Amino acid sequence: MPKSAAPKTASTVQSNLADRIAQDIQAGMYGPGAWLKQIDLQDRYGAKRLDVRRALDQLAGKRLITHIPNRGYHVFAMDPQRHEELREIRLLLETGAAADLMNNVTASKLRLVKQLAERFNGLLKTGTLLEQYEVNLAFHAAVYDMCRNRELAALILEMRSRGPSAVAREWVTHARIEKSAREHFEMVEAIEANDVKRLQKVITAHINQDVS
């Protein structure tokens, strides 16, 4: 007799639900600032209240949505002026980091960055939005982990965390996600070639895509 499929765990159910909600946000079903009522989500996705709550907490942890205590959850929305200011700061920090990290590249660190670029590219067809988000985050963390200046690396990651997640804002079309994947490989090639100016150029394009 064929073996029956293994039952889904609670964490799997919640992750699947979180990704379905993320997909709908990306598709524009819930616009920036829209409130997400748990009872409505239960009905829409045929889910249990606890699973909806934990899925929303998962998305809030990834900055796709915002949780306001005693009020609920809403889709992340940012003031345009603050968004532009963050873009300018990221450009200064991350292009500056390009020069800082270049003399601190090791074979093992470069190998990890390459693996993450390939992993992200592989998820374009087979992965969920949240899987893409996690690997994208890991890729950039690995790049800036090569910085000699540890405070600079920490500050870059902090500034990246102040904006909406890629899932929420930047990857509005599949073509944009594919462009991000290509730029990851371009960053790797620039690091391999020890070409600071090229790396700065790719980083600039990558950030401008993120916040346009």
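Gln 38 is in contact with Arg 49, Val 52, Arg 53, Leu 56 and Tyr 73, when its neighbours within four places in sequence are left aside. In this predicted model, Gln 38 belongs to helix α2, which covers residues 38-45, and it has a relative accessibility of 15%. Because the cut-off for a buried residue is under 20% relative accessible area, Gln 38 counts as buried at that value.

**The sheet and its order**
- Three strands form an open sheet in the order β1-β3-β2, and their pairing is antiparallel.
- β1 (35-36) and β2 (65-68) stand at the edges with a single partner strand each, so that one side of each lacks a neighbour in the sheet.
- Helix α3, made of residues 49-61, packs on this sheet and touches β1, β2 and β3, while its direction makes about 110 degrees with that of β2.

**Strand pairing and the hairpin**
- Two bridges join β1 to strand β3 (residues 72-75) in the antiparallel sense, and Leu 36 stands opposite Tyr 73 in β3.
- Between β2 and β3 the antiparallel pairing runs over four bridges, and Ile 68 has Gly 72 in β3 as its bridge partner.
- β2 and β3 form a hairpin in which three residues lie between the strands, and Asn 70, in the turn, has a positive phi of about 70 degrees.

**Side chains of β3**
- In a regular strand, the side chains alternate between the two faces of the sheet.
- In β3, Gly 72 and His 74 point one way, whereas Tyr 73 and Val 75 point the other way, and all of them are buried.

**The protein as a whole**
- Of the 212 residues in the protein, 44% are buried.
- When contacts between residues at least 6 apart in sequence are considered, 73% of them join residues that are at least 24 apart.
- The accessible surface of the protein comes to about 11,500 Å², and carbon and sulfur atoms account for 52% of this surface.

Note on methods
Residues are numbered from 1 along each chain as its sequence is written. This is a predicted model: local features need pLDDT of at least 70, side-chain atom pairs count only at pLDDT 80 or more; totals for chains, interfaces and linings use all residues. Side-chain values use heavy atoms; hydrogens and water are left out. Two strands pair if DSSP finds at least two bridges between them. Contact means heavy atoms within 4.5 Å. Axes are lines fitted to C-alpha atoms, for helices over the stretch in contact, and angles run from 0 to 180 degrees between N-to-C directions. Buried means under 20% relative accessible area, exposed over 50%, partly exposed in between (1.4 Å probe, protein chains only). Accessible areas come from the Shrake-Rupley method with a 1.4 Å probe; for residues, only the protein chains shown count as cover.
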